[in-house]
Each structure stands twice: as C-alpha cells, then as structure tokens.
Amino acid sequence: MERRGVTGDGIAGRLPLLEAGLPASDALAVRLFPALGQGVEFGLERIRAVLAEVGNPHERYPTLHIGGTNGKGSVASVIASVLGAAGLRVGLYTSPHLCSFRERVQVAGRPAETATFLAAADELRPAMVRHEPTFFEAATALAFKVFELEAVDVAVVEVGLGGRLDATNVIHPLVSAVTNVALDHAEYLGTDLASIAGEKAAIAKPGVPLLTCVREPELLDVFRRTAEERGASFHPMHPAEEVRQVEVAAGGTAFTLDTVWGALALSTPLAGAHQAANAALAVRVLEHLPESLRPDADAVRRGLSSVRWPGRVQIERVGGRTWVFDVAHNAAGVRALAEALEQLALPRPLVVLTAVLGDKDWRTMLPPLFRLADRAFLTQADSAPLARRWDPAEAGRVVGSPPPLEIVPDFREALARAGESAGEGTVVVTGSCHTVGDALLALGMEPFKEPFAAPLSTRSA
C-alpha cells in the first residue's frame, strides 16, 4: 500500500539519493538511507519505535522546539548561537540543507563529525530496517542520536513541516515557539490559514511555554485554544510594537528590545526587518528558559552578533559584483526578501536568477521579484528532486515580463549569464534551498568551508 503523509522534505518513496538531496558517494547515505521504506505516512509511530530501540536519545538532554512557516531556522540558529556564547555545548537540528546533509546536524556551531554520524547510523540501522521510517524520520532519529553521542547540554530543534505529525514532535521541550503562519504545503497542512495554524500550534506540550509572533486574531484564537487544551502557557508577542529602532543595512540588522535583562541594543548579521522580528522571538524564548540555562545579557548580545545562517539575505562580493542569496520558497518569504532588497539599496542593475520547485506557488512568488529587477533569468536547480521540478519556460509564459526575461535551463550557464548581465551590479539568487545551495557550490562558497564567508566578504571569482 502506498503511504501518503508528511516529511520535512516532502520526499516520498524509495527514491534515488538525489531525491533526498544526498550525493551517491555520501558514505552516511549509503549506510543509512537505502534501508528506508516505501513512501511517507502520517503518524509518529515509526519515529517513536526507532528511537525506543536505541534508548530514546532525545530524552537525555533538554530541548527547544521552533516551528512556523518562515523564519523558524533563523530563530533556531539565533538561539543556538546565544546559548553557545553562554558557554553551553549546543546541538542544532534544521532542515533542509543547502549543500551538504551534514549542515542539518550541528554541534557547537559546526556540522557534526562524519565519524559521529556513522557511529549513530550504525546503531540506528537495525531499527531502521525493522520500522522503515521516512527519510525525514530517519534524519531526525540520526540527529537525536548524534546529539546524545556528542553529549550536548541542550538541543535546538526546528520543525520540519507543520508540527502535529512532524517527526520532531516526539520531544518534550523546555519552550516551544512558532514564528508565523502562511500558506505553504497546502496539500498536507490545509488550504486555509486556520487549519495550518492548528497543525503548527500542536507542538504545544503540557507545562511548556508556547510563544508566537502570529498576530491575526483568528489565528491567535487557534493558538490560545490549542495551548489551553494541551496545558501549555501561551505567550504571544507583537514585533511591530516590541521591536524598536530597527535599522537594516547590508552588514545586518540592528534593533532595540526591552527584555528581562533590561533594554538591549542588539544587532545581527542577518539582514532585513523580518530578521529583527525573528531575533526578538529568539530572545523571548531564551527569557523563558530555567535559570540554569538562561544566558546573561552579554551572551545575548554576542550570540546575536555572531550568528551564522547562510542563504538568508546573504550578501557577498564575488567577481567584482554583489550577490544576494536567499532561500525564499513561498509568497511570504518572497515578500520579506523584496522588502529587504528595497531597504538595502544595492548596486544596479539588479538581476534576479530564480528556480522554484513545481509544487510551490510561483505564480505569486515571481511578480514581487520581477518588479524590483532590471533583468531576470529563470532556470532549473540541478539538485531539485526530479518529481518536483518546475517548467521555467511555462513560468515565463504565464507570469511574463517586465523585466526583460530569459529562460536558461542549464543552471551554471544561467548563473554565468546573470553575472555577466549584472556587471558591477547585483545578482539575487532565490527560489528554493536547492537554488541557493547549487549557486553556493558553483561559486565555491558552500557553508562551513573554511574560512567561513562573513557578510560582504570580498572574494575572487
């Protein structure tokens, strides 16, 4: 019987490793992932069974749980950075990755060591064969086991998709948070915002604070009701009122926030007003930690100012021009990117290169980008799963122009031509994690390659 349901990556079936974003030469993939079962399925039974067979590693360290349609990875990375600045050994689990699967499972600010991945995979493999988890369930179990082997003090866990039935929802965290609710993954989560809110709010746990930046009254009612039903205290925040003096520049974002440590002037290298809201939510999560884990004000400042989260309005100088890499993959993400681009006043001409997955709402995503662009290129990301690829020629016909528009199916050719068109201006690469990851690899800028690129770093072509 074919399974249908949700995974963090939307991956179904016993697919080639490319479909999971994994190279065929990846030793970890060869050891672990070929044993996965057919398709995906609603429910937490398999992930619980797998984890139980290896001693429930996710129960051996405190956790924090971060969900939402957009921004949840940014919030999780800020929290991890601050806790690391406070001297804790922090595990960070996010998805999907940009260039390497190892990015998903970080310990102390770096991808976990390959040897630790393989040790965890060896211990998990018998349970994987017996219970046939989905790819995302297997990846989640792997992360939890890696964190146990690495003896983390705390783990920050990003929800993969939705919340209620996401594999990460087996944890009982110290704090839960949901960034926002927007239309995405409607085939799994529902076609209206209230239904999606219900799925995301369902990470609430008894006795655990639930925070959110959601402001729509109807959706707040969903969160408040869900928290009450599940015995969680509810703490909504209002970034537009609580976050003050926001300043956005190419080097990052500065803002002021009243906190339990007093009024703090904070800055993050993540650019955009939306990143001020994300960082503020991260600070609110930290405020709710027990005293034994709560950082001091200095750690909050240092952690925010040193956070690494590539592919989020990431600005680089490469080959004499400016490049912006952003993983916006839905309409809400594109709106946030467009707002940031308008605030940054980057060198012109501004050329957009985009490749979107076929199951995303590219009809809504493309116009805000096109309105800002002097020229646009539609292409195909090499690593995009075959079953989810879009037709850039169809997108060009449907959405049309302005600006002047070119369809270049070959990704590296499109990247080169976009760079040539921009001259000394700016190329914005966006549309999906696959698009950004493939571009970073092509330009020799993959995350965690030493030395790590700081914002606006200068590189040769």
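Is Gln245 buried or exposed? At 57% relative accessibility, Gln245 counts as exposed. The cut-offs run as follows: buried is under 20% relative accessible area, exposed is over 50%, and partly exposed is in between, with a 1.4 Å probe and protein chains only. Gln245 sits in strand 9 (residues 243-249). Its phi is positive, about 50 degrees, although Gln245 is not a glycine.

The model is a predicted one: local features need pLDDT of at least 70, side-chain atom pairs count only at pLDDT 80 or more, and totals for chains, interfaces and linings use all residues. Residues are numbered from 1 along each chain as its sequence is written, and side-chain values use heavy atoms, with hydrogens and water left out.

Asn56 also has a positive phi, near 50 degrees, in a residue other than glycine. Asn56 lies in the loop between helix 2 and strand 1. Helices (H or I, at least four residues) and strands (E, at least two) are DSSP runs, numbered from the N terminus. Asn56 has a relative accessible area of 22%, so it is partly exposed.

The loop between helix 2 (45-53) and strand 1 (63-67) also holds Tyr61. This residue leads to the aromatic rings. Rings of Phe, Tyr and Trp (its six-membered ring) pair if their centres lie within 6.5 Å; planes under 30 degrees apart are stacked, over 60 edge-to-face, and the rest tilted. The count comes to eight aromatic pairs. One of them joins Tyr61 and Phe147 edge-to-face, at 6.2 Å centre to centre and 85 degrees between the planes. The pair links distant parts of the chain, for Phe147 is in helix 5 (residues 135-149), 86 residues apart from Tyr61. Tyr61 and Phe147 are buried. Trp323 and Phe325 form a stacked pair, with 6.1 Å centre to centre and 5 degrees between the planes. Trp323 and Phe325 are both buried. Elsewhere, ring pairs link Tyr93, Phe136 and Phe144 into a cluster.

One ring has a charge over it. A charge sits over a ring if NZ of Lys or CZ of Arg is within 6 Å of the ring centre and within 35 degrees of the ring normal. Arg363 lies over the face of Trp362, at 4.1 Å from the ring centre.

On a 1 Å grid over the protein atoms alone, a cavity is a set of points where a 1.4 Å probe fits but cannot get out; a pocket is an open set with protein on both sides within 12 Å along at least five of seven lines; lining residues have an atom within 4 Å of a point. Grid points are joined across faces, edges and corners, and a volume is the space filled by probe spheres set on the points.

The second largest pocket has a volume of about 320 Å³. Its lining has 17 residues, of which Ala80, Ser81, Gln106, Ala108 and Gly109 lie nearest the centre. Helix 3 (72-85), strand 2 (90-93) and strand 3 (105-107) are the elements that give two or more residues to this lining. Helix 3 gives the largest share, five residues. By class, nine lining residues are nonpolar, six polar and two charged. Here Ala, Val, Leu, Ile, Met, Phe, Trp, Tyr, Cys and Pro are nonpolar, Asp, Glu, Lys and Arg are charged, and the others, Gly among them, are polar.

The whole structure has three cavities of 30 Å³ or more. The largest cavity holds about 100 Å³ of space. Its lining includes Thr94, Pro96, Gln106, Trp309 and Phe448. That lining divides into five nonpolar, three polar and four charged residues.

Pro96 has a further feature. The peptide bond from Ser95 to Pro96 is cis, with omega near -10 degrees. Pro96 lies in the loop between strand 2 and strand 3. Another cis peptide bond joins Arg348 and Pro349, with omega about 0 degrees. Pro349 is in the loop between helix 12 (331-344) and strand 14 (350-354).

What of the cysteines? The structure holds zero disulfides, a disulfide being a pair of cysteine sulfur atoms within 2.5 Å. Cys99 has 18% relative accessibility, so it counts as buried. Cys213 has 14%, so it counts as buried.

The C-alpha atoms of Ala202 and Thr226 are separated by 6.7 Å, though the residues are 24 apart along the chain.
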